[in-house]
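Please look through the following structure slowly, with the sequence beside it.

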Amino acid sequence: MSDEGSQQDSELNLLLLHSGKVRDVYEVDARTLLMVASDRISAFDVILGQPIPHKGEVLTLVTAWWLEQLEDRLAHHLIAVDPDAIIARHPDLATSRETWARRAMLVTRTQPVLVECVVRGHITGSAWKEYRSNGTLANEPLPEGLLESQRLDPPIFSPATKAEQGEHDENITIAQAQELLGTELADRLRDLSLDIYGYGRGVADIRGIILADTKFEFGFDAAGELLLIDEVLTPDSSRFWPKESYSVGRGQPSLDKQPVRDWLDELQGWNKSPPAPDLPDTVVAATSDRYQDVFHRLTGIELADYRPPLFGTDR
């Protein structure tokens, strides 16, 4: 697949409901959405000017790969990801196929639960910053003497409020989540999230990858069924660390947009506000390679050779 196919924006003959940092969400009909993952990339909550070739393809197809395995464990919103299956259901999308193929998911429309379900299997990122300062996570005490990047056993369910674009999510306690959502739903989300994380951590471990943490989102469909929605166990929603370089007591290299973060951190004179500086071609290429590498490590298949799975009645 050529890098010339990079997609910074999608323009379809459908009602655009939402354009986020990465995804454009279109209304197909009253109960169905088309979620198109672009190659846009953000850092420090700023969308950068250069797309990362194949990034949207990786996010879409790795989500489909995980959901195919998780189908017997829980219900999810994915109806179809194979382009032929999508067009068979909605023939009018055939004319725009080149714009969305292999980067779009046809999904059931849901009412999202307004809490992100974060699971932390290692202490890193914002959790490490809070622990280093206060010995807590979301103001709840953690054991003394933890080191940066140390494995947490058992993993910790760490919900967060969903922030508006440009704002930061806020970690909350399970008690606060119970207040917001009700005890039954909050506890169900915790149990589902820990189960999916445990499965994902085991799969990643076999493939030489540490799943340090991740976040899940859930929503209710028109019939009131709770579904796993959005991306699942991707390099954007998770921290994947290569096992071969893991060492407790320091930060870890990540199999994601680390080259972008590193270059921006070393850049002088940018205050981390829009507009963002232009990324060098070498950083763009290194980041694209990083996304494709984690796809290959997880699936054992080169991205260009991967055939999307069929779901439900499309099988």
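## A residue in a loop

Aspartate 256 lies in the loop between strand S17 (238-242) and helix H7 (258-266), where helices (H or I, at least four residues) and strands (E, at least two) are DSSP runs, numbered from the N terminus. The model is a predicted one, in which local features need pLDDT of at least 70 and side-chain atom pairs count only at pLDDT 80 or more, while totals for chains, interfaces and linings use all residues. Residues are numbered from 1 along each chain as its sequence is written, and side-chain values use heavy atoms, with hydrogens and water left out.

Is aspartate 256 buried or exposed? With a relative accessible area of 5%, aspartate 256 is buried, because buried means under 20% relative accessible area, whereas exposed means over 50% and partly exposed lies in between (1.4 Å probe, protein chains only). Not counting residues up to four places away in sequence, aspartate 256 touches Pro235, Ser238, Arg261, Thr287, Arg290 and Tyr291; contact here means heavy atoms within 4.5 Å. A polar atom of the side chain of aspartate 256 also lies 3.1 Å from the backbone nitrogen of glutamine 258. This is a polar contact, that is, a pair of N or O atoms within 3.5 Å, of which, within protein, one must be able to donate a hydrogen and the other to accept it, and residues adjacent in sequence count only if both atoms are side-chain atoms. Aspartate 256 and glutamine 292 are 36 residues apart in sequence, and their C-alpha atoms are 9.3 Å apart in space.

## An open sheet and a helix across it

Five strands, in the order S1-S2-S3-S7-S6, form an open sheet with antiparallel pairing; two strands pair if DSSP finds at least two bridges between them. Strand S1 (15-19) and strand S6 (78-80) stand at the edges with a single partner strand each, so one side of each is left without a neighbour in the sheet. From one strand to the next, the twist averages 35 degrees. S6 and strand S7 (residues 104-108) pair in the antiparallel sense over two bridges, and leucine 106 in S7 is the bridge partner of alanine 80. Helix H1 (residues 55-70) lies across strand S2 (23-29), strand S3 (32-37), S6 and S7, and runs at about 45 degrees to S7. For such angles, axes are lines fitted to C-alpha atoms, for helices over the stretch in contact, and angles run from 0 to 180 degrees between N-to-C directions.

## Nonpolar cores

In soluble globular proteins, nonpolar side chains tend to be buried together. A nonpolar core is a set of buried Ala, Val, Leu, Ile, Met, Phe, Trp, Tyr and Cys residues joined through side-chain atoms within 4.5 Å. The largest one has 60 residues, of which Phe216, Phe218 and Leu298 touch the most other members. H1 gives the largest share of this core, nine residues. Apart from it lies another core, of 15 residues, among them Tyr26, Ile86, Ile87 and Leu93. Leucine 298, leaving aside its neighbours within four places in sequence, is in contact with Val62, Trp65, Trp66, Ala204, Arg207, Ile209 and Phe240.

## Aromatic rings

The structure holds six aromatic pairs, and the table describes two of them. Rings of Phe, Tyr and Trp (its six-membered ring) pair if their centres lie within 6.5 Å; planes under 30 degrees apart count as stacked, over 60 as edge-to-face and the rest as tilted.

| Pair | Type | Centre to centre | Between the planes |
|---|---|---|---|
| Tryptophan 241 and tyrosine 246 | stacked | 6.0 Å | 20 degrees |
| Phenylalanine 295 and tyrosine 306 | edge-to-face | 5.3 Å | 80 degrees |

The pair of phenylalanine 295, in helix H8 (residues 281-299), and tyrosine 306, in the segment after H8, links distant parts of the chain, eleven residues apart. Phenylalanine 295 is buried at 0% relative accessibility, and tyrosine 306 is buried at 5%. Tryptophan 241 is buried, with a relative accessible area of 1%, whereas tyrosine 246 is partly exposed, with 25%.

## Backbone details

Most residues other than glycine have a negative phi, and most peptide bonds are trans. A cis peptide bond, with omega about 0 degrees, joins aspartate 153 and proline 154, and proline 154 lies in strand S12 (residues 151-157). Serine 149, in the loop between strand S11 (140-141) and S12, has a positive phi near 75 degrees and is buried at 0% relative accessibility.
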